[in-house]
Structures are given as structure tokens and as C-alpha cells.
Amino acid sequence: MEITEIQKIGVGLVGFGVFFLLFGVMLYMDSVLLAFGNILFLSGLAIIIGLRRSFTFFFQKQKLKGTSFFLGGIVIVLLKWPLLGMLLEAYGFINLFRNFFPIAFGFLGSFVNIPFLSKLFQKLGDPGSNV
């Protein structure tokens, strides 16, 4: 499956969104950075998978609880209550994407088979190494 140019832009938006979210957390819950990161993340996600599929993903009957917490957390962050908003978002994110966590961890486990990283992991696992 070929990735279109618009989907590449979506991946960039998601990446910048995650960056701004992490940067906002590092700067003691800066509400402007968190809000900007949330907007970029959601817009990038909608561009990657499409508006219709995004809507059907978020508003499935079994995912409404996670969606309400996630989107409610974004609204709370936009209203300048960043700590409470991020807690609500985190709970909603875990509820929404809990089915994807085993796939993501399996993908991360496949990095051990990459030659450079496998040597690095072996060095890190060796208690006598000075890496």
C-alpha cells in the first residue's frame, strides 16, 4: 500500500503534535503547547486515516467512554486546566487504543532483530559493559 503525499503531511502533523504534547508536559503543563499539540495530533490523525474513518473509529458504541474522556480532556486543556485535562486525555487514550498496545509492543520487539540495535541492546543488557 502506497502512502500518499497528504498522508505524509498527516504523519508530520501527528509527529509535531506528539512533540508539542511532550514539550508542554516538560514545561510544567503549559496549556498553550498542550492545546496546540492536541490540535495537531487530531488533525494529523484525521488526515492519515480520513475524516469518515476517524469519525467511525471515535464514535463506535464500545468506544464512546474513551472518546468522551479523550475529547473532554482536550476541551479542559483548551479551557486552561492542563493537569486535569491531560489526566482525562490519558485515561481516554488508554481506553480508545487498548487494542493497539499489544501490536505496538510486538512492533517494538521486532527492533531487536535490526543489526545495529541488537548489538546495542546486547551491550545495554551486559552488566559489565560501559556504554
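I take helices (H or I, at least four residues) and strands (E, at least two) as DSSP runs, numbered from the N terminus. By that rule F36 lies in helix α2, residues 31–49.

**Ground rules.** I am working on a predicted model, where local features need pLDDT of at least 70, side-chain atom pairs count only at pLDDT 80 or more, and totals for chains, interfaces and linings use all residues. Residues are numbered from 1 along each chain as its sequence is written, and side-chain values use heavy atoms, with hydrogens and water left out.

**Overall.** I counted seven helices and zero strands in the chain. From the N terminus on, the order is α-α-α-α-α-α-α. I looked up burial next, with buried meaning under 20% relative accessible area, exposed over 50%, and partly exposed in between (1.4 Å probe, protein chains only). Of the 131 residues, 28% count as buried. The chain exposes about 9300 Å², and carbon and sulfur atoms supply 75% of that area. Accessible areas come from the Shrake-Rupley method with a 1.4 Å probe; for residues, only the protein chains shown count as cover. I then checked contacts (heavy atoms within 4.5 Å). Among those between residues at least 6 apart in sequence, 50% join residues at least 24 apart.

**Record.** UniProt, in an unreviewed entry, places "transmembrane region" at residues 9–29, 35–55, 67–88 and 100–117. Its positions are given in the numbering used here, feature names are shortened, and annotations may be inferred rather than shown by experiment. I compared two of these stretches with the model. Residues 9–29 are 86% helix and 0% strand, with the end C-alpha atoms 27 Å apart. Residues 35–55 are 95% helix and 0% strand, with the end C-alpha atoms 20 Å apart.

**Salt bridge.** Side chains of opposite charge can pair when their charged atoms come close. I used the cut-off of a side-chain nitrogen of Lys or Arg within 4 Å of a carboxyl oxygen of Asp or Glu. The whole structure holds one salt bridge. E5 forms a salt bridge with K8, and the closest N and O atoms are 3.5 Å apart. Both lie in helix α1, three residues apart, about one turn of the helix. E5 counts as exposed because its relative accessibility is 57%; K8, at 46%, counts as partly exposed.

**Buried charges.** Here Lys and Arg count as positive and Asp and Glu as negative; His and the chain ends are not counted. K63 lies in the loop between α3 (51–58) and α4 (64–78). K63 is buried without a salt bridge, and E89, the nearest side chain of opposite charge, is 17 Å away. Leaving aside neighbours within four places in sequence, K63 is in contact with F57, F58 and L96.

I moved on to E89, in helix α5 (residues 82–97). E89 is also buried and has no salt bridge. Its nearest side chain of opposite charge is K80, 14 Å away. Not counting residues up to four places away in sequence, E89 touches N38, F69, F70, G73, I74 and V77.

**Surface.** F16, F19, F23, M26 and L27 make a nonpolar patch of about 530 Å². Patches are made of residues with over 30% relative accessible area and no salt bridge: like charges are joined within 9 Å, nonpolar side chains (Val, Leu, Ile, Met, Phe, Trp, Tyr) within 5 Å. F23 is found in helix α1 (residues 5–26) and counts as partly exposed because its relative accessibility is 33%.

**Back to F36.** F36 counts as partly exposed, at 41% relative accessibility. F36 and V77 are 41 residues apart in sequence and 9.9 Å apart in space, C-alpha to C-alpha.
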